[in-house]
2 protein chains.
Amino acid sequence: MRTSQFPLNTLKETPSDAEIISHKLMIRAGMIRKLASGLYAWLPLGLRVLRKVENVVREEMNRAGALEVAMPMVQPAELWQESGRWEQYGPELTRLRDRHEREFCLGPTHEEIITDLARNELKSYKQLPVNYYQIQPKFRDEIRPRFGVMRAREFIMKDAYSFHADEESLQLTYDAMYTAYSTIFTRLGLGFRPVLADTGSIGGSHSHEFHVLADSGEDAIAFSDSSDYAANIEQAEAPALTGPTETEAELTLVDTPNRHSIEEVGAFLKSAPERILKTLLVAGKEGGVVALLLRGDHALNVIKTEKLGVAATPLRFAGEQEVRDAAGCVSGSLGPIGLKTPVLVDRSAAALVNFVCGANQDGKHYTGVNWGRDLPQPGADAIVDIRNVVDGDPSPDGRGRLRIARGIEVGHIFQLGAKYSEAMNATVLNEQGKSQTMMMGCYGIGVSRVVAAAIEQNHDDKGIIWPGALAPFQVALVPINMQASERLQQATEQLYADLTAAGLDVLLDDRKARPGVMFADMELIGIPHRLVISDKGLDEGILEYKGRRDADSKTIAISEAPGFLRRACGN
Amino acid sequence: MRTSQFPLNTLKETPSDAEIISHKLMIRAGMIRKLASGLYAWLPLGLRVLRKVENVVREEMNRAGALEVAMPMVQPAELWQESGRWEQYGPELTRLRDRHEREFCLGPTHEEIITDLARNELKSYKQLPVNYYQIQPKFRDEIRPRFGVMRAREFIMKDAYSFHADEESLQLTYDAMYTAYSTIFTRLGLGFRPVLADTGSIGGSHSHEFHVLADSGEDAIAFSDSSDYAANIEQAEAPALTGPTETEAELTLVDTPNRHSIEEVGAFLKSAPERILKTLLVAGKEGGVVALLLRGDHALNVIKTEKLGVAATPLRFAGEQEVRDAAGCVSGSLGPIGLKTPVLVDRSAAALVNFVCGANQDGKHYTGVNWGRDLPQPGADAIVDIRNVVDGDPSPDGRGRLRIARGIEVGHIFQLGAKYSEAMNATVLNEQGKSQTMMMGCYGIGVSRVVAAAIEQNHDDKGIIWPGALAPFQVALVPINMQASERLQQATEQLYADLTAAGLDVLLDDRKARPGVMFADMELIGIPHRLVISDKGLDEGILEYKGRRDADSKTIAISEAPGFLRRACGN
């Protein structure tokens with residue numbers, strides 16, 4: 001391809017509304033353009049990259065035996081009413097009426113549609129398992145669309161849904177999808193990690209997220225430095241950390257005037273945060289309030305807490321008046337001694353000795369507090385995991401220590417079980433000729449998000465650095481001042497023909513532009529390999545080659561260019 | 001592929017709501033399933049065919065220098081308000097509100113979006129011409145979705161939009177698209193015809209439709225038996241047919257009791273329809289009524305009549321009372337003698353002599369009527385083309401006679417001119433550095449409709465007969481009772497491997513099913529080439545081959561099968 005026939009739409013200036021690097025670079029490189037909040041058009045350069053992702057995803061889904069289908073984006077309300085989600089789904093679900101006032105929605109996902117299809121097509125256990133997938137636009141009316149295509153309202157998703165006679169079969173397909181996803185992200189050249197995930201509102205039992213690792217990632221991931229263990233921080237199990245072995249100190253009531261936070265109290269009492277007990281009051285599930293006790297250096301994990309079924313869902317912290325009614329003080333002086341509310345104690349907080357906690361009197365704390373002596377030893381039921389893991393925690397699988405990384409979720413696989421098939425009566429006849437509800441799995445990849453995530457992981461101050469499998473072109477061929485030299489024109493055309501004949505995907509920059517402009521554009525749009533051909537080089541039969549990550553260029557013989565680049569591109 | 005891994009979803013029964021053969025066969029073959037009125041899911045078999053169409057369209061669009069983009073399906077109201085179509089477009093345009101109550105619509109077409117994109121990206125005449133295209137779902141809320149994917153509400157369309165500095169450039173791209181479309185439908189193996197078309201409400205000057213010829217087509221096409229001339233019947237110019245050379249007969253008022261239609265009057269008076277003048281009263285553009293005069297054997301062409309700007313648009317026939325007020329009789333006795341309304345006379349009606357017409361008295365007609373003597377010779381302005389051409393009319397290009405065929409519109413190319421670019425201020429700087437409105441063309445192909453149209457053209461009582469380029473698989477390999485013979489299993493696997501290695505796309509029917517069931521399915525889904533392998537054939541080293549259109553099968557040597565089929569498939 002030539003820039004004269006494939007015009008670049010690069011921009012010098014960074015768009016003012018772009019907050020993250022991938023959004024900035026995708027706009028500047030001319031990959032996407034914003035049409036409205038969360039709605040983007042893909043320009044030719046961006047679409048080439050998107051199609052590369054699509055193709056790898058399609059190949060691996062096919063290889064894993066999944067069958068491609070295409071379901072409508074506009075979905076009838078009746079099916080969502082059957083599953084119960086028409087009422088449950090919030091304003092992210094865009095509802096509309098057709099000319100006959102019938103209700104529809106724009107598909108944010110297709111569980112209802114595929115379950116309807118499956119219950120009509122699948123009659124016998126002999127037809128199972130089957131795994132249907134599609135790659136197509138989805139619409140979710142995000143309350144705050146941002147970060148370009150990273151969190152857009154209309155986006156491209158690969159969604160797959162499998163149907164099974166039993167859990168064993170579901171597990172097999174789930175494992176096959178886990179493998180296929182690993183292959184997909186490996187083939188795309190991305191640093192990624194599959195992590196245990198919360199199944200959230202979509203329901204079901206087992207779930208893994210696939211994260212592209214990037215410092216700018218929205219999600220925190222905990223992984224072992226010595227094993228395969230990895231989990232979303234929402235999910236990672238926190239161990240009980242043991243406290244120091246000390247003789248019991250004396251319980252003392254101390255003044256802590258105007259000291260409310262752990263940091264303030266710790267600084268005032270010269271006590272480390274891990275020696276202070278943090279007391280949080282939240283609304284209880286059955287009304288009233290519940291106290292949550294953690295070590296001062298640990299953060300509450302909302303998801304884990306909600307799952308215990310003791311606090312109200314969604315979790316809500318008690319207001320000032322509720323705190324005073326329950327404890328008689330401001331929240332900065334809360335503590336468990338004498339508190340009458342139900343109590344949940346984080347495992348590590350339960351192991352503290354000689355600790356500091358609020359005294360339930362304004363401006364006062366206790367020091368030298370000990371479980372059993374100063375307040376009741378919590379029962380086994382009350383000792384729970386309600387904190388986020390932190391860097392250095394022992395790994396839950398007993399191997400190594402946890403490290404924390406940032407990730408961008410690009411894939412998610414679920415075992416849905418019978419959630420949808422039961423609600424929608426999707427059954428088959430089993431071997432005994434009896435009707436039996438099918439088991440389901442679902443498997444998503446944010447195809448358009450993968451493009452942005454790849455950039456978050458692979459860029460420098462000059463622009464994008466595409467992994468080979470994602471690059472819109474493999475090689476940039478830049479002639480210097482070609483318009484002034486017929487010899488150079490001919491040599492450039494010949495080289496372009498030779499490279500193309502060698503199976504390389506080349507972008508020839510045949511614009512009448514200054515070399516600096518051409519170099520900057522090719523770096524901005526992230527072409528992995530650059531060849532510079534010039535009149536001067538022709539005299540010696542050489543070219544300048546520079547890999548996108550290389551600090552310096554090097555010289556190669558023109559005649560060797562096709563072979564050299566085939567090797568460099570791994571073709 | 002094997003039917004064990006690519007399950008067929010064929011049905012024996014024809015769905016009750018399917019009216020046309022392509023709809024029936026697509027359901028029965030398991031290509032599509034209805035989700036709701038005008039909304040279809042594509043099953044794996046159907047999607048394979050759809051993708052074949054997409055790929056040919058994409059290749060030829062790329063070859064013609066068009067650039068692929070992807071625009072959102074959800075479009076902001078503001079752009080449609082700018083073009084003026086937010087108000088103009090009827091209920092086919094599905095409007096919706098997002099969670100912030102902002103208005104959007106589901107894209108039925110993308111002129112507004114691409115014009116907005118172009119006015120932002122294109123600044124100079126040097127960037128022109130450019131032709132952007134996309135292949136993606138569109139939504140049009142048809143009042144009566146029917147015929148399966150032939151007239152669905154959500155459907156797949158290829159839409160392209162070109163931008164130009166002048167009309168000459170627009171004409172060049174228009175011609176290139178005309179050629180590309182001809183190549184696309186030729187490559188798809190379809191009998192088609194490009195025809196001159198009315199530009200309709202989308203506006204602009206030049207336009208061609210591409211029709212797949214099929215007896216079931218909704219549109220009538222007129223084409224010359226001796227030249228390239230072809231036009232939609234709405235558009236085809238009707239020549240003036242000369243009447244017989246006769247001496248003038250006597251004007252006579254005759255009773256025609258209870259005879260109203262041309263047929264009734266003709267039978268009663270023993271006069272051929274082409275000797276009777278048909279008088280129609282329609283609402284005038286400026287109020288009142290207008291008389292339209294045609295030969296009794298000719299049909300009114302509404303589009304042509306509306307374009308003359310004399311009658312009200314849309315055309316409306318006068319009611320009973322309006323007819324009596326204007327002529328003093330029922331419409332079955334209408335005639336031009338003494339009529340005080342404005343009159344439009346079709347060219348062929350103006351050439352009549354000694355004709356019959358209504359007498360504007362209930363139950364009476366005149367015979368022996370002649371222009372000039374019995375009623376004023378119509379002026380040149382009043383002699384117009386307002387009829388449909390009929391089989392046998394002279395071709396408007398002066399070469400040969402017109403024939404009428406039925407067609408299914410699958411493509412449409414338009415010269416839009418400045419309709420959208422002017423309304424939306426899409427300008428570039430010209431060579432003189434002055435701002436200049438761009439010219440536009442637009443080019444559509446109904447990708448999903450092509451699939452249905454291909455079936456309308458290619459089927460028999462057993463099912464679909466795919467042209468090679470559209471077939472979901474090229475070859476069906478059917479082993480007879482394979483499960484009972486290990487030798488046959490091995491030979492079948494070997495043949496499958498050999499055919500696949502020869503680059504053929506083979507569907508191996510490895511179901512444990514009766515031969516008749518397998519044959520019927522392979523014929524229903526339209527696989528062009530069928531090989532039957534059996535234990536008996538193995539003894540002699542032979543196979544049975546049958547082309548989908550062949551009456552009888554023939555015998556070929558197993559060893560020659562790959563070469564034979566490569567030739568048969570044109571690989």
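Residues are numbered from 1 along each chain as its sequence is written, and chains are lettered from A, with ligands numbered from 1, in the order in which they are written. Local features of the predicted model need pLDDT of at least 70, side-chain atom pairs count only at pLDDT 80 or more, and totals for chains, interfaces and linings use all residues, while side-chain values use heavy atoms, with hydrogens and water left out.

Chain A contains 15 helices and 30 strands; helices (H or I, at least four residues) and strands (E, at least two) are DSSP runs, numbered from the N terminus. The C-alpha trace of chain A spans about 95 × 70 × 50 Å along its principal axes. Of the 571 residues in chain A, 56% are buried, a term that denotes under 20% relative accessible area, with exposed being over 50% and partly exposed in between (1.4 Å probe, protein chains only). Where contacts in chain A link residues at least 6 apart in sequence, 69% join residues at least 24 apart; contact means heavy atoms within 4.5 Å. Chain A exposes about 23,600 Å², of which carbon and sulfur atoms supply 48%, as calculated by the Shrake-Rupley method with a 1.4 Å probe.

Between the two chains, 49 residues of chain B are in contact with 49 residues of chain A. Together the chains bury about 4,100 Å², with 63% of this area on carbon and sulfur atoms. In chain B, Leu35(B), Arg99(B) and Glu121(B) lose the most area to chain A, together 16% of what that side buries. Buried area is the accessible area (1.4 Å probe) that two parts lose on being put together, summed over both.

Within chain B, four strands form an open sheet of mixed pairing in the order S14-S15-S16-S19. Its edge strands, S14 (277-283) and S19 (383-384) of chain B, each pair on one side only; two strands pair if DSSP finds at least two bridges between them. Strands S15 (residues 289-295) and S16 (residues 343-346) of chain B run parallel and are joined by three bridges. Leu293(B) has Val345(B) as its bridge partner in S16(B).

Elsewhere in chain B, Ala502(B) lies in the loop between helix H12 (486-501) and strand S27 (506-508). Ala502(B) is counted as buried because its relative accessible area is 12%. Beyond its neighbours within four places in sequence, Ala502(B) is in contact with Pro562(B) and Arg566(B). Ala502(B) and Pro562(B) are 60 residues apart in sequence, yet their C-alpha atoms are 6.2 Å apart in space.
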